Amino acid sequence: MNLIFLGPPGAGKGTVADLAKDVLGIPHISSGQLFREQIKIGSPLGKRVEATLKAGNLVDDETTIEFVRERLSRDDVARGYILDGFPRTIAQAEAMCVFSKPEAVINFSLTEEEILRRLEGRRVAPTTGRTYHILYNPPKVEGLDDETGETLIQRPDDKKEAILNRLEVYTRETRPLINHYREKNLLVPLDASPSPQEVLNQLLHLLKEKGIH
Ligand code: AP5
């Protein structure tokens, strides 16, 4: 089952993908998390993309396509994947057709007001990428990851200026993918405003309706 999670920053794609991967038995692959791992280990790629991520701009298509193509060639995606954050441009979507075909593109929708609330309150565990929210999903002990106890951080691109830039980049570069996939009859609209569990239930229902799950 090859699924793409499409939608604006902060819509809850990563949160729902983490819940869905266990139910569906397929890996959650987040292009943003793959880049953040490279930054964390200080690889040449990580050094090259660090400033781009921090500002909330997109990494160039050529680098991103090659990086994701390689990831999707590994054994763990034999039964499918949830791809979160890729493709993000028409060029990426067209390139992807050559190496993998999505069965459904889940389009998360949320108001800009709620996006800002979710992103400003987000905290993450740097090692695992596990995500919390100071109000909606707080850790058991303030500021610490529930499982490892490591200190939670605010992502550098969750500062107000970078968030506003990411929203602009989304509107300009990524939103056109909605029509692109609608025309291919792959688009599945999803209301991302309820709780993560409710969004997951809605997703499973829609997949069942489409005969995918
Ligand atoms: P990426 O990591 O993909 O960032 P994003 O798309 O901006 O998505 P987010 O991770 O911000 O949001 P999300 O929808 O996953 O929300 P989450 O579940 O965390 O990309 C980062 C960067 O990498 C890009 O800016 C770019 O530089 C680069 N990059 C990545 N892919 C690329 C590509 N294809 N091409 C080029 N460059 C690329 O939830 C947000 C918050 O809300 C959390 O605190 C969560 O706890 C809370 N929350 C979630 N769901 C709910 C809910 N239902 N109710 C209440 N709270 C909720």
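Visitor: At what angle do helix H1 and helix H9 pack?
Guide: This is a predicted model: local features need pLDDT of at least 70, side-chain atom pairs count only at pLDDT 80 or more, and totals for chains, interfaces and linings use all residues. Residues are numbered from 1 along each chain as its sequence is written, and side-chain values use heavy atoms, leaving out hydrogens and water. H1 spans residues 13-24 and H9 residues 196-209 (DSSP runs of H or I, at least four residues).

Visitor: Which residues of H9 does H1 meet?
Guide: H1 brings Thr-15, Val-16, Leu-19, Ala-20, Val-23 and Leu-24. They are in contact (heavy atoms within 4.5 Å) with Pro-196, Gln-197, Val-199, Leu-200, Leu-203, Leu-204 and Leu-207.

Visitor: At what angle do the axes of H2 and H3 cross?
Guide: H2 is residues 31-41 and H3 is residues 44-55. Their axes come within 8 Å and cross at roughly 120 degrees.

Visitor: Which residues of H3 make the contact with H2?
Guide: From H2 come Gly-32, Phe-35, Arg-36, Gln-38 and Ile-39. Facing them in H3 are Leu-45, Gly-46, Val-49, Glu-50 and Leu-53.

Visitor: How many residues surround the ligand?
Guide: The closest are Thr-15, Asn-57, Arg-88, Arg-122 and Arg-166.

Visitor: Where does a polar side-chain atom of Arg-166 lie from a ligand oxygen?
Guide: Gly-10 places a backbone N or O atom 2.8 Å from a ligand oxygen. For an N or O atom in the side chain of Arg-88, the distance is 2.7 Å. For Arg-166, it is 2.6 Å.

Methods
Axes are lines fitted to C-alpha atoms, for helices over the stretch in contact, and angles run from 0 to 180 degrees between N-to-C directions. Helices (H or I, at least four residues) and strands (E, at least two) are DSSP runs, numbered from the N terminus. A residue is near a molecule or strand if one of its heavy atoms lies within 4 Å of it. A polar contact is a pair of N or O atoms within 3.5 Å; within protein, one must be able to donate a hydrogen and the other to accept it, and residues adjacent in sequence count only if both atoms are side-chain atoms.
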